Amino acid sequence: MRKVTIIGVDTATLPKLTSEDTNKILNEIKTTGNEELKQYFINANLRLVLSIVQRFNNDKVSSDDLFQVGCVGLLKAVNNFDTSLNVMFSTYAVPMIIGEIKRFMRDANSLKVSRKIRDTAYLALKAKEKLRHEGNVEPQLFEIAQELDMPVQDIEQALDAVSDPVSLYESVYGDGEDSLLLMEQICDTKSNEVNWIDNVELTDAVALLPEKEKKIIVLRYYIGKTQMEIAEELDISQAQVSRMEKNALRKIKEKVKE
């Protein structure tokens with residue numbers, strides 16, 4: 001049997017039940033309320049959950065999360081199944097598991113977009129693809145707006161609304177130690193040199209840093225400059241700024257933990 005491990009469950013070790021076993025166990029669960037037997041039955045049906053999870057190839061939600069949600073659907077199916085009906089348990093359970101997963105995936109999208117904006121975005125994407133095909137270049141927003149006879153700001157807002165959120169920790173350049181994260185390219189214009197952190201331990205840890213590392217931490221986290229801006233100010237490369245920043249943060253963490 002092929003081994004599949006998900007959230008610590010090795011499916012090769014799970015029990016297998018015949019249709020006769022299934023009916024017998026379900027009847028006993030309904031009659032006696034035996035929780036241990038119910039857990040055994042749920043474990044025996046985890047493969048069913050896994051087979052359904054594999055249908056949902058979604059980058060936004062992890063398979064482990066979907067598996068756990070699917071198990072909730074399985075538990076509901078066990079609790080609500082009517083043994084008097086001439087229906088296979090899997091026939092009853094599958095729609096419940098799928099429904100639970102779909103509901104979770106729908107709710108996982110915390111940003112609710114109105115139908116009007118979604119429709120505008122759909123038209124904009126279609127127009128964009130058409131213009132790209134005709135001109136063999138990436139069309140500008142004003143060209144899409146002209147194609148649809150709509151204001152540019154409406155097109156921009158609609159496309160932004162349906163865009164996937166991006167993690168601040170996503171790498172935009174390079175790998176490993178020299179990778180550049182999106183958060184390292186964002187400048188905080190609200191901070192200034194007066195807004196010094198009020199935490200004494202952290203302030204002491206920063207004060208112990210070598211002068212250049214201290215300067216980078218101040219510019220980066222207290223003034224809000226990007227690594228590129230710091231590199232220009234200190235006349236060093238951005239890779240050097242990145243390495244010195246990471247080294248300084250490591251020292252600060254070690255000092256604060258003492």
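Predicted model: local features only at pLDDT ≥ 70, side-chain atom pairs only at ≥ 80, totals over all residues.

Me: What's the geometry between Phe41 and Phe89?

Reply: Their ring centres are 5.0 Å apart with the planes at 70°, over the 60 degrees cut-off, so the pair is edge-to-face. Phe41 belongs to helix α2 (residues 35–44) and Phe89 to helix α5 (residues 89–108), so to speak distant parts of the chain, 48 residues apart.

Me: And are those two buried or exposed?

Reply: Phe41 and Phe89 are both buried.

Me: OK, switching to Asn45. Where is that one?

Reply: Asn45 is in the loop between α2 and α3 (46–53). Its relative accessibility is 14%, so Asn45 counts as buried.

Me: Which residues does Asn45 touch?

Reply: Leaving out residues up to four places away in sequence, Asn45 touches Leu74 and Phe89.

Me: New topic: how do α7 and α8 pack?

Reply: Helix α7 (residues 141–148) and helix α8 (residues 152–161) pack at about 110°, and their axes are 8 Å apart. That angle makes α7 roughly perpendicular to α8.

Me: Which residues make the contact?

Reply: From α7 you have Leu141, Phe142, Ile144, Ala145 and Leu148, while α8 brings Val152, Ile155, Glu156 and Leu159. The contact residues divide into 8 nonpolar, no polar and 1 charged.

Notes: Residues numbered from 1 in each chain as written. Heavy atoms only, no water. Axes fitted to C-alpha atoms, helices over the stretch in contact; angles between N-to-C directions. Helix = DSSP H or I, 4+ residues; strand = E, 2+ residues; numbered from the N terminus. Parallel < 35°, antiparallel > 145°, perpendicular 65-115°, else oblique. Contact = heavy atoms within 4.5 Å. Nonpolar A, V, L, I, M, F, W, Y, C, P; charged D, E, K, R; others polar. Phe/Tyr/Trp six-rings, centres within 6.5 Å; stacked < 30°, edge-to-face > 60°. Buried < 20%, exposed > 50% of the residue type's maximum accessible area, 1.4 Å probe, protein only.
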